[in-house]
Amino acid sequence: MTEHPELANAVPGSPEVPANLTVLLLDDHSVMLESVRAIVETDDTLTVVGTASRVPDAVGLASQTHPQVAVIDVNMPDGGGWAAARGLREVCPDIRLVAYSSFDEALVIRTIRAAGISAFVTKGADIDVLLAAIHGEDIRPVLAQAKPLIGRTNAVTAG
């Protein structure tokens, strides 16, 4: 039996996901931002290309570094996750967006879905769930740790 059932059907190394990914991190709390950075840097196939605590800074960094994935907090100043998703998609249309938030109410999820978020992971989820979402792996939302937002109804897909 798999230790993390939500990862039981993950497809590591699928052709749609490059072996190494560049990641931009966005959170308005510096402690959380550094914690997420430390988590992401535990995976040697991920490279953090920048961090930002404000939406305009994240969009500016994305236009310079062209990350493949962005992990964004949903509740922030400057328009929050919605504004971040819209701005990042403008400068990096193919970026995969992973919302990482302590808010998991249905309204929040519908709002960020409309903004083009590829995956939603709660801040209480296992580290493996966040890393799997960044990689774009097929995550089953077991134990309410990750919620699929686009594509098939039971899987997180690249957005």
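**Figure 1. Helices and strands of the predicted protein chain.** The protein chain has five helices and six strands, where helices (H or I, at least four residues) and strands (E, at least two) are DSSP runs numbered from the N terminus. From the N terminus on, the order of these elements is β-α-β-α-β-α-β-α-β-α-β. This is a predicted model, in which local features need pLDDT of at least 70, side-chain atom pairs count only at pLDDT 80 or more, and totals for chains, interfaces and linings use all residues. Residues are numbered from 1 along each chain as its sequence is written, and side-chain values use heavy atoms, with hydrogens and water left out. Of the 159 residues in the protein chain, 47% are buried; buried means under 20% relative accessible area, exposed over 50%, and partly exposed in between (1.4 Å probe, protein chains only). Among contacts (heavy atoms within 4.5 Å) between residues at least 6 apart in sequence, 65% join residues at least 24 apart.

**Figure 2. The largest nonpolar core.** This core has 23 residues, a nonpolar core being a set of buried Ala, Val, Leu, Ile, Met, Phe, Trp, Tyr and Cys residues joined through side-chain atoms within 4.5 Å. The residues with the most contacts inside the core are L26, A70, I72, L88, L97 and I117. At least two core residues are supplied by each of β1 (21-26), α2 (55-65), β3 (69-72), α3 (80-91), β4 (96-101) and α4 (106-114). Helix α2 gives the most, with four residues. Apart from this core lies another, of 21 residues, among them L25, V69, V121 and A133.

**Figure 3. Packing of α2 against α3.** The axes of the two helices, α2 and α3, come within 9 Å and cross at roughly 20 degrees; axes are lines fitted to C-alpha atoms, for helices over the stretch in contact, and angles run from 0 to 180 degrees between N-to-C directions. Helices α2 and α3 are therefore roughly parallel to each other, a term for angles under 35 degrees. The contact is made by V55, A58, V59, A62 and S63 of α2 and by G80, A83, A84, G87, L88 and V91 of α3.

Figure 4. V55 is buried, with a relative accessible area of 6%. Not counting residues up to four places away in sequence, V55 touches L26, M76, P77, D78, G80, A83 and A84. V55 and A84 are 29 residues apart in sequence, yet their C-alpha atoms are 5.3 Å apart in space.

**Figure 5. S101 in strand β4****.** The relative accessible area of S101 is 0%, and this residue is buried. Residues up to four places away in sequence being left out, S101 touches D73, V74, F120, V121, T122 and K123.

**Figure 6. D44 in the loop between α1 (30-40) and β2 (46-52)****.** D44 counts as exposed, at 70% relative accessibility. D44 and N20 lie 24 residues apart in sequence and 8.1 Å apart in space, C-alpha to C-alpha.

**Figure 7. Helix α5 (residues 127-135)****.** Seven of the nine residues of α5 are buried, so this helix is largely enclosed by the rest of the structure. The buried residues are V129, L130, L131, A132, A133, I134 and H135. Helix α5 is followed by G136, whose phi is positive, near 80 degrees.

Notes:
Parallel < 35°, antiparallel > 145°, perpendicular 65-115°, else oblique.
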